Amino acid sequence: MSFLAGFDPRWQDAGQYLSALTRDLDEGRRLDLLGAMLAPELISHGGSGALAEPEVLGAELAARLAALTGPRLRLEDRLWQATGANTLYATERFHVTARHGGAGLYGPPSGRPVQFAQMSERLCVSGRLTEQWVLRDEAAILRQVGLTPEEGARLRLAGAPRA
């Protein structure tokens with residue numbers, strides 16, 4: 001039996017479930033599980049604005065994983081609360097290490113290692129992520145890959161979808 005109604009029985013507690021989300025999505029080990037882990041009405045808030053639907057978040061995750069290769073998220077703090085029979089709200093703080101190994105969000109690959117802070121707040125209902133807020137220290141990332149904030153903004157704007 002799972003720790004909350006509607007969650008897969010393999011998760012014996014919130015820590016196991018949240019660690020799986022981090023490992024499989026944020027570290028990119030199982031992007032093939034997006035459909036099973038994300039609710040169809042998902043909304044993700046972050047530095048790129050609000051992204052809706054699993055496919056859009058999947059594309060953003062893939063772009064980030066292509067630019068910052070081999071990410072490892074070390075959990076620093078986690079707070080969670082069951083807010084209903086099948087609902088979980090969690091906040092987590094991570095220390096992230098990766099390598100700027102691919103072209104994309106941060107320009108041509110520099111090959112440099114990067115370290116930065118990341119905070120996530122997640123709302124999960126019946127074992128699926130339905131809404132999240134993710135904050136990353138983008139200034140630290142830009143500085144470590146050799147870009148100014150202005151250059152980083154230009155790259156973001158150049159890659160922004162056109163209306």
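Which residues form one aromatic cluster? Phe3, Phe7, Trp11, Tyr17 and Trp80 do. The model is predicted.

**Aromatic pairs**

- Four aromatic pairs turn up in a search of the whole structure.
- One of them joins Phe3 and Phe7, with 5.1 Å centre to centre and 50 degrees between the planes, which makes the pair tilted.
- Phe3 also pairs with Trp80, and here the arrangement is edge-to-face: the centres are 6.3 Å apart and the angle between the planes is 80 degrees.

**Burial in the cluster**

- Both Phe3 and Phe7 are buried.
- Trp80 has a relative accessibility of 41%, so this residue counts as partly exposed; the partly exposed class runs between the 20% limit for buried and the 50% limit for exposed.

**His100**

- His100 belongs to strand S4 (residues 87-100).
- The relative accessible area of His100 is 0%, so this residue is buried.
- The side chains of His100 and Ser110 are joined by a polar contact of 2.9 Å.
- The His100 side chain also reaches a backbone atom, the oxygen of Tyr106, at 3.4 Å.
- Leaving aside residues up to four places away in sequence, His100 touches Ala67, Leu68, Tyr106, Gly107, Pro108, Pro109, Ser110, Gly111, Arg112 and Val145.

Key. Residues numbered from 1 in each chain as written. Predicted model: local features only at pLDDT ≥ 70, side-chain atom pairs only at ≥ 80, totals over all residues. Heavy atoms only, no water. Phe/Tyr/Trp six-rings, centres within 6.5 Å; stacked < 30°, edge-to-face > 60°. Buried < 20%, exposed > 50% of the residue type's maximum accessible area, 1.4 Å probe, protein only. Helix = DSSP H or I, 4+ residues; strand = E, 2+ residues; numbered from the N terminus. Polar contact = N/O pair within 3.5 Å; in protein donor to acceptor, adjacent residues only side chain to side chain. Contact = heavy atoms within 4.5 Å.
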